[in-house]
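Look over the sequence and the model first.

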Amino acid sequence: MPHFRPTGPISLQGAPAQEAAELPAVPFKVLDKSPPKAGEPVGVHPADLAALHACGAGQDPPTCFLQLGDGSDCVLAARCDDSVRPGTLALDEVQAFNLHILPGDTQSFRVFTS
């Protein structure tokens with residue numbers, strides 16, 4: 001009988017342990033996107049995107065992925081948008097439904113890291 005010692009996946013054997021840096025969560029007031037355009041990235045004011053430490057160098061416009069501050073199973077694509085008021089996010093119905101939040105709520109969001 002062969003000697004078998006159970007181990008984890010090959011990709012995790014001998015890999016150095018990495019600790020992810022905790023990114024700040026920034027509160028945003030959630031608004032209805034009008035007109036609703038399903039599938040478009042969420043617009044974020046450039047100052048808010050900088051506060052999230054997510055400005056992409058060399059990207060035009062800078063983009064990132066956001067999740068709820070406490071974590072969630074829904075990730076939003078976001079991009080800089082000067083037409084959005086500072087401190088707000090405009091979500092369409094599908095995005096708000098997936099995050100379980102209502103327009104007018106204030107929620108903390110952070111940059112999604114894998």
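Cysteine 64 is buried, because its relative accessible area is 9% and the cut-off for buried is under 20%. This is a predicted model. Cysteine 74 also counts as buried, at 10% relative accessibility. Valine 42 is buried too, with a value of 0%.

| Residue | Relative accessible area | Class |
|---|---|---|
| Cysteine 64 | 9% | buried |
| Cysteine 74 | 10% | buried |
| Valine 42 | 0% | buried |

A disulfide is a covalent bond between the sulfur atoms of two cysteines. How many disulfides does the structure hold? The count is zero. Cysteine 64 is in no disulfide. The nearest cysteine sulfur belongs to cysteine 80 and is 8.0 Å away.

Next, valine 42. This residue lies in strand 2, which covers residues 42–44. Leaving aside residues up to four places away in sequence, valine 42 touches Leu76, Ala77, Ala78 and Arg79, as well as Leu89, Ala90, Leu91 and Gln95. Valine 42 and aspartate 92 are 50 residues apart in sequence. Their C-alpha atoms are 8.5 Å apart in space.

Last, the pocket. The largest pocket has a volume of about 210 Å³. Its lining includes Asp32, Lys33, Ser34, Pro35 and Lys37. Glu40, Pro41 and Gly43 line this pocket as well, along with Arg79, Asp81, Val84 and Ala90. By class, the lining has six charged, four nonpolar and two polar residues. Arg79 and Ala90 are among the pocket-lining residues, and valine 42 touches both of these residues.

Key: Residues are numbered from 1 along each chain as its sequence is written. This is a predicted model: local features need pLDDT of at least 70, side-chain atom pairs count only at pLDDT 80 or more; totals for chains, interfaces and linings use all residues. Side-chain values use heavy atoms; hydrogens and water are left out. On a 1 Å grid over the protein atoms alone, a cavity is a set of points where a 1.4 Å probe fits but cannot get out, and a pocket is an open set with protein on both sides within 12 Å along at least five of seven lines; lining residues have an atom within 4 Å of a point. Grid points are joined across faces, edges and corners, and a volume is the space filled by probe spheres set on the points. Ala, Val, Leu, Ile, Met, Phe, Trp, Tyr, Cys and Pro count as nonpolar, Asp, Glu, Lys and Arg as charged, and the others, Gly among them, as polar. A disulfide is a pair of cysteine sulfur atoms within 2.5 Å. Buried means under 20% relative accessible area, exposed over 50%, partly exposed in between (1.4 Å probe, protein chains only). Helices (H or I, at least four residues) and strands (E, at least two) are DSSP runs, numbered from the N terminus. Contact means heavy atoms within 4.5 Å.
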